[in-house]
Amino acid sequence: MLRITAGKLGNAIRGTIGVTSSRVAAVRALHGSEESAEDFDKRYEKYFSREGIDGWEIRKGMNDLLGMDLVPSPKIIEAGLRGARRVNDIALAIRWLEGCKDKCGDQKATLYPYLLEKITPTLKELGIPTIEELGYDQPELALKSVYDL
C-alpha cells in the first residue's frame, strides 16, 4: 500500500516539475531584446556622466562592466575616468585602467596599446598617469629569475 502511494506521489511530482521548468524556459527565452553596441556604449556613458553620481555608484558601474565578457570601448573608459575625476578619486581611475588592461586578456599586446592611444588625450586632460608611468606594470619586489642570472 505504501509502495503504491509513494509511486503515485513520485509521478505527480515529476509531472509538475517538468511543466514548471518548461514554463520558466519559455519566459526566459522571451526576455527582452538584444541591445546594440552603440546603445550599450551610450547607456554606460550616460551612467558615468550623471550629475550627483558618487564614488560607490561609479565603482558599481565599473565592477559591472568588468564582470561582463567584453572589453569596454574607449568611450566608456573615458566616461569612467571622467566620473572618477569628478569625485576626485585618482586611485579609482588607476584601478579602472588596470581592470580594463586585464580585460584585454591574451590580446593585451595589441588591444591595450589601441585603447591607450584612444584615451591618452583624456588622460592628459584629466592629469591621470598611466599604469606604466607609475611603474605598476612591473612587480616592485620581484626576485630575478635564476634563469636570467
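**Notebook: cavity and helix packing**

I began with the lining of the largest cavity: its largest share, 4 residues, comes from α6. The model I am reading is predicted.

**Entry 1, the cavity**

I searched the whole structure for cavities of 30 Å³ or more and found 1. I noted a volume of about 30 Å³ for the largest cavity. Which residues line the largest cavity? I listed Ile77, Leu97, Cys100, Tyr112, Leu115, Leu116 and Ile119. I then looked up the helices behind that lining. Both α5 (90–103) and α6 (108–126) supply at least two residues each. I sorted the lining by class and got 7 nonpolar, no polar and no charged residues.

I turned to the helix pairs. Helix α3 covers residues 55–67 and helix α4 covers residues 74–86. Their axes come within 10 Å and cross at roughly 155°. The cut-off for roughly antiparallel is over 145 degrees, so α3 is roughly antiparallel to α4. I recorded the crossing of α3 and α4 as left-handed. On the α3 side I found Ile58, Met62 and Leu65. They meet Ile76, Gly80, Gly83 and Ala84 in α4.

At what angle do the axes of α3 and α5 cross? I read roughly 10°, with the axes coming within 10 Å. That makes α3 roughly parallel to α5. From α3, I listed Ile58, Arg59, Met62, Leu65 and Leu66 in the contact. From α5, I listed Leu92, Trp96, Gly99, Cys100 and Lys103. The contact of α3 with α5 divides into 7 nonpolar, 1 polar and 2 charged residues.

The axes of α4 and α5 come within 8 Å and cross at roughly 160°. Are α4 and α5 roughly parallel or roughly antiparallel to each other? They are roughly antiparallel. I noted a right-handed crossing for α4 and α5. The α4 residues in the contact are Ile76, Ile77, Gly80, Leu81, Ala84 and Arg85. The α5 residues are Ile90, Leu92, Ala93, Trp96, Leu97 and Cys100. I counted classes for the contact of α4 with α5: 10 nonpolar, 1 polar and 1 charged.

I went back to the cavity list. Ile77, Leu97 and Cys100 are among the lining residues, and Ile77 of α4 and Leu97 and Cys100 of α5 are also in the contact of α4 with α5.

Definitions and conventions: Residues numbered from 1 in each chain as written. Predicted model: local features only at pLDDT ≥ 70, side-chain atom pairs only at ≥ 80, totals over all residues. Heavy atoms only, no water. 1 Å grid on protein atoms, 1.4 Å probe; cavity = no way out; pocket = protein on both sides within 12 Å on 5 of 7 lines; lining within 4 Å. Points joined across faces, edges and corners; volume = space filled by probe spheres on them. Nonpolar A, V, L, I, M, F, W, Y, C, P; charged D, E, K, R; others polar. Axes fitted to C-alpha atoms, helices over the stretch in contact; angles between N-to-C directions. Parallel < 35°, antiparallel > 145°, perpendicular 65-115°, else oblique. Left-handed = near helix turned anticlockwise from the far one by under 90°. Contact = heavy atoms within 4.5 Å.
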